[in-house]
Amino acid sequence: MEHPENSEEYAGLTVNKGVQQPPMTNPYLNFKARPRRRTLTAADYVEGIRKGDVTLLSQAVTLVESQRSEHQALAQEVIEKCLPYTGNSKRIGITGVPGAGKSTSIDVFGLHVLKQGGKLAVLAIDPSSERSNGSILGDKTRMEKLSTQPNAFIRPSPSAGSLGGVARKTRETIVLCEAAGYDNIFVETVGVGQSETAVHSMVDFFLLIQLAGTGDELQGIKRGIMEMADGIVINKCDGDNVERAKLAAAQFRSALHLFPLPPSGWTPKVLTYSGYYELGIDEVWNMIDQYFAFVRKSGYFDERRREQEKYWMYETINEQLKRNFYTDPVIEEMLQAKKQMVLSARQSSFVAASEVLDYYFQKLKK
């Protein structure tokens with residue numbers, strides 16, 4: 001194939017090489033290899049937590065929530081070193097039906113606490129999806145005022161499928177927050193359900209938030225929740241809802257008379273307030289202060305803390321036993337085989353479970 005550009009008649013012409021393309025990177029930048037982040041030891045975490053370093057506190061909580069064995073080992077070492085600096089906070093559990101205004105109330109209560117001095121940690125348990133195991137973790141966005149305060153630490157955590165939405169590691173997170181100097185700790189639950197039993201076992205005061213004007217005020221309340229509550233507050237007592245809120249409070253007071261006196265000897269109170277308009281906040285917090293003064297004087301405060309420590313020791317044992325059982329490779333194979341036998345009606349579920357457990361117990365004896 002002939003190339004006309006090589007013809008003699010075009011000998012005097014030159015071919016333009018074109019515009020040189022600029023380099024893809026800025027030639028004036030002085031690139032240096034980013035130094036690798038130093039691996040932190042348990043002592044580093046504890047030192048940072050004791051100094052109030054929020055970044056290290058958050059990283060330590062992430063370690064506690066991690067499922068990796070090396071992270072768990074480091075987290076437990078951090079917790080052990082933090083234990084001498086704990087136990088000096090007011091632990092308050094806050095629960096209520098969905099839509100009762102828990103996050104708004106925590107926002108307002110938190111600001112009230114910070115005005116009195118001290119620091120506040122909010123541990124908001126976010127429900128995990130049963131399908132995807134994901135969580136929105138949006139509680140922090142609903143606490144607009146509190147999230148801007150330098151002395152407030154808000155940590156939304158996924159429930160990760162644990163009982164009723166209570167994060168398994170919330171108890172350890174409380175220890176870390178207390179070591180960091182947070183003298184007030186709020187634990188917000190997902191809603192009324194089985195999770196309240198676990199939250200009640202890790203807090204000093206249990207606050208139940210309710211609404212008025214939703215029909216029978218006592219219809220959706222489990223008796224166990226009412227018996228656990230140290231205080232009941234009716235939210236959204238404002239505008240046209242004031243009379244309904246007062247009526248609901250009267251109904252709750254009447255219902256409480258039917259329950260036996262709690263072990264603390266404290267008679268739970270029922271108050272009304274408005275979280276949105278910040279009405280009645282002082283009265284609610286005065287009730288909480290009165291409760292703490294009452295149980296400290298009677299000695300119940302220390303007794304309850306000791307019972308909680310014992311409870312969580314047994315809970316940890318149960319959790320470790322379950323993990324050890326289900327992560328055993330032979331057990332995993334047996335469970336798969338037994339599942340097929342149960343589904344095909346070749347063996348009952350009770351016999352299958354008994355055989356798997358018998359093998360596990362025999363293995364432990366060896």
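Across the whole structure, a search finds 14 salt bridges, a salt bridge being a side-chain nitrogen of Lys or Arg within 4 Å of a carboxyl oxygen of Asp or Glu. The model is predicted, so local features need pLDDT of at least 70 and side-chain atom pairs count only at pLDDT 80 or more, while totals for chains, interfaces and linings use all residues. Residues are numbered from 1 along each chain as its sequence is written, and side-chain values use heavy atoms, with hydrogens and water left out.

One of these salt bridges pairs Glu-65 with Arg-155, whose closest N and O atoms are 3.3 Å apart. Because Glu-65 belongs to helix α2 (residues 54-65) and Arg-155 to strand β3 (residues 152-158), the pair ties together parts that are 90 residues apart in sequence. Helices (H or I, at least four residues) and strands (E, at least two) are DSSP runs, numbered from the N terminus. Glu-65 is partly exposed, at 25% relative accessible area, whereas Arg-155 is buried, at 15%. Here buried means under 20% relative accessible area, exposed over 50%, and partly exposed in between (1.4 Å probe, protein chains only).

Arg-68 and Glu-70 form another salt bridge, with 2.4 Å between the closest N and O atoms. Arg-68 is partly exposed at 48%, and Glu-70 is partly exposed at 41%.

A further salt bridge joins Lys-169 to Glu-319, the closest N and O atoms being 3.6 Å apart. This pair links distant parts of the chain, 150 residues apart: Lys-169 lies in the loop between β3 and α6 (170-179), and Glu-319 in helix α11 (residues 300-326). Lys-169 is buried, with a relative accessible area of 12%, while Glu-319 is partly exposed at 23%. Through salt bridges that share partners, Lys-169, Glu-319 and Arg-323 form one network.
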